[in-house]
Amino acid sequence: MALKPFFNEMYDTAGAVRPHYAAFADWLKNTPPEKIAQNRQAADLMFHRVGITFAVYGEATGAERLIPFDLVPHVIPGDQWEMVSRGLKQRVAALNAFLHDVYHEMEILKAGKIPADKVLENSQFRKEMVGIDVPGGIYAHVAGIDLVKDADGEYYVLEDNLRTPSGVSYLLENRKMMMRLFPELFAQQRIRPVDHYPDLLLETLRNAAPPGVDNPAIVLMTPGHFNSAYFEHAFLAQQMGIELVEGIDLFVQDNTVFMKTTQGPQKVDVIYRRIDDDFIDPLSFRPDSMLGVPGLMKAYRAGRVALANAVGSGIADDKSVYPYVPEMIRFYLGEEPVLKNVHTYMLGNKADLDYVIANMKDLVIKEAQGSGGYGMLVGPTSTREEREKYKQRVLDQPERFIAQPTLSLSAVPTFVDNGLAPRHIDLRPYVLSGKTVNFVPGGLTRVALREGSLVVNSSQGGGVKDTWIVD
Amino acid sequence: MLSRTAAMLYWMARYVERAENHARILDVAYRMSLLTKDPNLQDQEWFAPLNITGTLFPFSGRHSLVCAKEVLHFMALDSENPTSIYNCAKQARENARAVRGTITSEMWEVLNSTWIEMQNMDEDRLYAKGVSAFFEWVKERSHLFRGVTFGTIRRDDAFQFHRLGTYVERADNTARIIDAKYHILLPSVHDVGGAVDYYQWSAVLRSVSAFESYRKVYRDVITPLRIAELLILRVDIPRSLHFCMHDVYEILRAVQNTSSHEATRLAGVVYASLQFGRVQDIFAQGLHEYLTDFLANTGRLSNEINTAFFSPTLPPASAQSQTALTTA
């Protein structure tokens with residue numbers, strides 16, 4: 001089938017370079033291909049040497065892969081970014097307000113803005129958190145908000161990631177790489193810096209400490225070095241100067257969390273955990289978890305240790321709750337959403353289900369609780385056979401699925417085997433909530449490297465680009 | 001610092017040091033084997049690396065013949081041999097990867113790129129590159145890692161546990177190198193000797209980079225007594241037992257905790273005996289016996305370090321509550 005028209009970030013419809021890409025376009029025009037090839041090779045080599053890798057599940061244990069990095073940046077004009085910023089702050093404030101509400105008064109459910117069963121019967125709703133006060137009322141300290149631009153050039157929020165969003169290390173390493181390869185481009189124009197992210201994150205985690213703790217001991221908890229995001233865990237711990245711990249390094253005594261050190265046990269106040277709720281405490285959640293710390297939940301509920309993100313944050317980024325985020329913004333903030341939601345069909349509704357089954361070819365269908373691009377069907381690029389198979393899964397348990405129109409996703413020129421060609425992208429800014437809401441300008445740009453593909457996840461053959469906010 | 005992190009730093013350092021020492025040992029065997037034209041005598045030289053590393057048994061389980069090609073492959077490239085240079089590079093890198101938040105990025109990059117290159121090494125490439133050139137490369141990577149470590153890491157516990165691993169491993173290796181050649185170091189009627197002895201003795205010195213130091217210290221012919229004195233008792237030779245144990249003792253005092261007394265005491269006893277020992281007494285006791293004792297002691301010390309720092313038993317509940325109160 002013919003590809004739908006899409007928004008090209010670099011060229012306008014007449015084929016002229018958009019003004020915010022002028023500097024890069026000049027460089028591209030004036031640089032011999034050998035030099036460009038050399039830069040691409042240098043980037044590959046450096047990423048390999050630094051060991052910026054991710055593990056791919058389903059491949060041999062511990063298999064490490066390099067995430068493909070593309071030299072052409074995703075450039076966004078400053079004024080456009082201001083609008084996005086406003087939208088991000090608004091959205092994350094509403095999500096945090098929602099999380100506090102559903103674990104306390106449940107006003108939004110009482111007001112009938114969200115069907116109560118969508119929340120209360122969701123496995124991401126953690127009853128253990130009902131009535132528990134978390135420091136500052138913040139649940140999602142770190143939020144990854146996935147944005148895409150449709151053919152009309154408008155931003156849409158594709159999904160919210162409030163559990164353990166990853167990828168920020170690539171954002172930082174991509175920038176480092178670009179500054180190494182293109183110092184002249186950074187000298188020529190004002191590209192807003194991003195390197196202070198670890199400082200902002202550390203400040204956010206300090207703010208998350210239980211009340212009365214002045215100089216909190218903060219640790220980053222990782223599932224271990226076989227986890228796909230281990231590089232990032234180690235990287236962030238190092239950048240912030242905090243201990244990188246695994247479950248076996250911690251223990252709980254008298255509702256207090258300690259880490260085992262060469263100088264004996266030391267108290268821990270804040271845990272930036274990059275491990276899912278299900279695995280953090282075998283006594284409260286999955287009893288077979290070898291990664292967690294027995295008793296951690298009890299210490300957490302007693303307010304003796306803070307977790308970022310809070311347990312139970314997943315209820316706000318669940319795909320079956322996503323359609324109600326604009327309602328949350330209106331309900332808690334009394335504002336109209338700045339960033340639009342993608343229209344979402346809930347297949348638990350008969351009318352939606354009928355429509356989706358009849359129009360599978362034009363829609364994207366996802367599992368409400370899936371992530372990482374696994375288990376989704378992209379209608380326009382699917383085969384008849386794939387659609388038939390997927391249809392059976394949907395009809396078996398329709399309430400487990402949602403569907404959305406296929407957005408065309410904007411594209412940025414990208415180096416492929418035979419030169420430059422447009423490839424689709426999305427953008428994930430990382431929003432930090434503490435006493436104030438903070439983020440570094442831009443975010444991680446992910447790119448689908450296969451022609452026509454709309455799946456940008458690194459686990460599915462996606463790559464990354466540096467993101468420039470230029471003034 | 002986290003106990004697990006300390007353990008991994010310690011083992012990271014031990015594996016790097018081990019790889020370097022194995023490269024030295026193999027290099028010497030290789031050079032020695034070139035000195036003789038008799039193929040049987042040539043193969044004799046290849047027992048030494050296996051004896052030193054205590055791998056003669058696993059080796060002979062899989063090879064019927066001790067010869068250059070087999071031993072080189074087994075000790076340098078064999079992924080099935082846990083102490084091959086290949087596996088040392090792998091283990092060093094794996095440990096570093098698990099603590100890369102604690103070491104500097106430069107340290108990580110050295111071990112990571114060493115491992116990437118090591119993976120590309122096979123027998124054909126080894127001989128194409130040249131056997132000695134390969135050992136040079138291993139030594140250079142180890143030197144580079146040491147230099148990068150000293151030049152970039154903060155002088156904190158991470159640095160101390162890295163050094164601790166380095167010196168415990170080196171003391172062990174030097175003792176084994178001397179022990180493997182103890183029979184040729186024994187004073188005999190042919191004491192001042194023939195050419196073969198000269199090459200054997202200088203080979204021992206070269207394998208611990210102490211040949212030039214020997215000349216500078218003694219300005220005289222090479223004798224077994226002096227070799228033993230240099231490599232065991234001199235405090236200014238960086239691969240001598242005295243030098244290593246001096247640092248081990250100092251480090252243990254610097255990182256001591258409430259359960260590390262026995263480790264410090266053991267290191268202190270060994271260090272004191274090296275500080276005040278005399279080479280005549282060592283030979284009177286028997287060089288081999290002396291080294292066997294020494295290796296038993298460092299083995300015990302290794303266990304004590306493990307118990308005191310890496311797998312600490314937790315203090316009773318009351319003591320922990322006190323910790324909580326004082327740090328809250």
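Trainee: Is C244(B) buried or exposed?
Mentor: Buried, with a relative accessible area of 0%. Buried means under 20% relative accessible area, exposed over 50%, and partly exposed in between, using a 1.4 Å probe on protein chains only. Bear in mind that this is a predicted model: local features need pLDDT of at least 70, side-chain atom pairs count only at pLDDT 80 or more, and totals for chains, interfaces and linings use all residues. Residues are numbered from 1 along each chain as its sequence is written, chains are lettered from A in the order in which they are written, and side-chain values use heavy atoms, leaving out hydrogens and water.

Trainee: And what about C67(B), buried or exposed?
Mentor: C67(B) counts as buried, at 16% relative accessibility.

Trainee: How many disulfides turn up?
Mentor: 0, over all chains. A disulfide here is a pair of cysteine sulfur atoms within 2.5 Å.

Trainee: Which cysteine sulfur is closest to that of C244(B)?
Mentor: The one in C88(B), but at 17 Å that's too far for a bond.

Trainee: New topic: how many residues of chain B are in contact with chain A?
Mentor: 37, and they touch 28 residues of chain A; contact means heavy atoms within 4.5 Å.

Trainee: How many salt bridges are there across that interface?
Mentor: The rule finds 2, where a salt bridge is a side-chain nitrogen of Lys or Arg within 4 Å of a carboxyl oxygen of Asp or Glu. One joins the side chains of D249(A) and R4(B), at 2.5 Å from N to O.
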